[in-house]
Amino acid sequence: MKDQLLPGFIAEEVAEIYPSAVIHNTETGEIESWDERRIIPGMLALIQEQHEKIEEQTEQIKSLENDVVLPNGFDDSFVPTPSAKFARKRRAARRKLLNVACALLGEQFDDDTLIVSTSGRYEFRNKGIDVFLEAMNRLLRTRELKKKVVAFIEVPGWVGEPRKDLQQRLREVETTGACASSGPLEVPQITHWLHNMSHDNVLGMMKYYDMHNRPEDNVKVIFLPCYLDGKDGIINMSYYDVVLGNDLCIYPSYYEPWGYTPLEAVAFHVPCITTDLAGFGLWANGVFGHDCELEDGVKVIHRTDYNYSEVADNIKDTVARFSGFSKKQIDECRKHAGALSKKALWSEFIHYYYEAYDIALRKAEQRATIPFNPLS
């Protein structure tokens with residue numbers, strides 16, 4: 001094997017871990033290479049051993065019984081109560097979002113436009129951003145939709161800077177109250193330039209599905225790839241001042257231990273869609289004693305490893321159905337959303353933490369009674 005290059009391992013390092021797989025120079029005794037015929041069976045054996053350990057640990061984890069589950073509570077002290085102030089803040093949020101859409105797309109949107117959004121960390125699959133886009137693409141092609149939809153993806157990406165052309169046009173819209181007649185801006189899917197425009201997952205999926213926010217499209221998707229901290233350069237409002245402007249929030253998580261975003265949405269009286277792979281979704285189903293529907297304030301969709309398409313269709317159908325709701329039906333959804341959030345306040349969940357602390361203190365006391373033997 002002299003002069004033969006075997007990629008993947010350094011022979012000297014192999015010698016430290018698996019010396020029998022190393023080939024030495026017959027004259028000098030120096031390490032020359034490693035023999036794949038010897039090392040591959042050893043690797044397979046190690047992989048099998050690791051697999052058996054993982055299976056054993058998995059069974060041990062499954063057999064564990066929790067003492068108490070600690071759900072995440074919510075502090076609603078900063079949430080404005082339904083009042084003239086709440087209505088004023090909601091109108092301001094809607095006006096800002098629709099103005100941004102108007103400036104970016106060169107199209108007028110009236111207040112009957114359905115504003116939906118998803119938000120959270122940029123975990124494309126875990127947060128369900130992929131299935132959200134899939135659902136919006138299918139919604140774009142359904143005949144059941146009764147209103148125009150503007151869908152925002154409020155997820156911080158590798159943001160570069162706010163778009164100067166959008167800033168200029170947004171100032172004009174907010175000054176005159178009318179959209180420019182010159183049509184959409186270049187790349188009418190995003191509000192801020194990214195460092196990785198050609199490699200971004202959201203933009204890539206929209207390009208793949210030919211989602212270019214054309215004037216004839218009844219569903220427009222806008223990527224807001226920044227933290228809504230009140231000084232992003234485009235929205236210039238905090239997340240909590242923006243979220244209440246939505247008509248519907250969608251969080252189709254593939255994995256979420258709890259999920260504050262849907263809880264925050266319902267706290268602001270915004271109905272939402274989530275899944276039973278989120279702790280919040282499971283909890284909501286438990287509160288109502290059935291799989292929640294939108295009329296409960298939150299729609300909980302069953303999600304597994306294998307029903308991606310079904311979830312996308314369910315979201316599409318739910319948004320389309322919501323677009324046909326009467327004002328009375330929408331008001332009922334909003335009222336039930338707010339009522340559900342009250343059941344998730346810290347004042348409702350704190351007793352679980354008292355119980356957990358009590359269990360921990362009792363176990364610590366039991367350990368303290370066991371004689372300490374430093375030689376054992």
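Contact here means heavy atoms within 4.5 Å. This is a predicted model, in which local features need pLDDT of at least 70 and side-chain atom pairs count only at pLDDT 80 or more, while totals for chains, interfaces and linings use all residues. Residues are numbered from 1 along each chain as its sequence is written, and side-chain values use heavy atoms, with hydrogens and water left out. The chain holds 12 helices and 10 strands. Helices (H or I, at least four residues) and strands (E, at least two) are DSSP runs, numbered from the N terminus.

**Overall shape**

- The radius of gyration of the chain is 28 Å, well over the 21 Å that the globule rule gives for 376 residues, so the chain is more spread out than a compact globule.
- That radius is taken over C-alpha atoms, and the globule rule is 2.2 Å times the number of residues to the power 0.38.
- The C-alpha trace spans about 85 × 65 × 40 Å along its principal axes.
- Of the 376 residues, 46% count as buried. Buried means under 20% relative accessible area, exposed means over 50%, and partly exposed lies in between (1.4 Å probe, protein chains only).
- The accessible surface comes to about 20800 Å², and carbon and sulfur atoms account for 53% of it. Areas come from the Shrake-Rupley method with a 1.4 Å probe; for residues, only the protein chains shown count as cover.
- Take the contacts between residues at least 6 apart in sequence: 71% of them join residues at least 24 apart.

**The sheet**

- An open sheet is built from 6 strands in the order β7-β4-β3-β8-β9-β10, with parallel pairing. Two strands pair if DSSP finds at least two bridges between them.
- The edge strands, each pairing on one side only, are β7 (219–224) and β10 (298–301).
- From one strand to the next, the twist averages 20°.
- Strand β4 (residues 149–154) runs parallel to β7 and is joined to it by 6 bridges. Ala-151 stands opposite Val-221 in β7.
- Strands β8 and β9 pair in the parallel sense over 2 bridges. Cys-249 has Cys-272 in β9 as its bridge partner.
- Both faces of β9 are covered: Cys-272 and Thr-274 are buried on one side, and Ile-273 and Thr-275 are buried on the other.

**Helices α3 and α10**

- Helix α10 (residues 308–322) lies across β3 (114–119), β8 (248–250), β9 (272–275) and β10, and runs at about 160° to β10. Axes are lines fitted to C-alpha atoms, for helices over the stretch in contact, and angles run from 0 to 180 degrees between N-to-C directions.
- Helix α3 (residues 84–105) has 22 residues. From first C-alpha to last, α3 reaches 31 Å, close to the 32 Å expected at 1.5 Å a residue. The expected span is 1.5 Å times one less than the number of residues.
- Gly-106 follows α3, with a positive phi near 65°.

**Helix α8 and Pro-262**

- In α8, 7 of the 8 residues are buried, so this helix is largely enclosed by the rest of the structure.
- The buried residues are Thr-261, Pro-262, Leu-263, Glu-264, Ala-265, Val-266 and Ala-267.
- They pack against β3, α7 (239–243), β8, β9, α9 (279–288) and α11 (327–342).
- Pro-262 sits in α8 (residues 260–267) and has a relative accessible area of 3%.
- Beyond its neighbours within four places in sequence, Pro-262 contacts Tyr-251, Cys-272, Thr-274 and Phe-280.
- Pro-262 and Ala-344 are 82 residues apart along the chain, and their C-alpha atoms are separated by 11 Å.
- Just after α8, His-269 takes a positive phi of about 65°.

**Two further residues**

- Thr-191 is in the loop between α5 (164–176) and β6 (192–194). Thr-191 is buried, at 0% relative accessibility.
- Leaving aside neighbours within four places in sequence, Thr-191 has contacts that include Val-100, Arg-163, Ile-222, Phe-223 and Leu-224.
- Glu-348 belongs to helix α12 (residues 346–368). At 42% relative accessibility, Glu-348 is partly exposed.
- Glu-348 touches Lys-342 and Lys-343, not counting residues up to four places away in sequence.
- Glu-348 and Gly-73 are 275 residues apart in sequence, with 7.7 Å between their C-alpha atoms.
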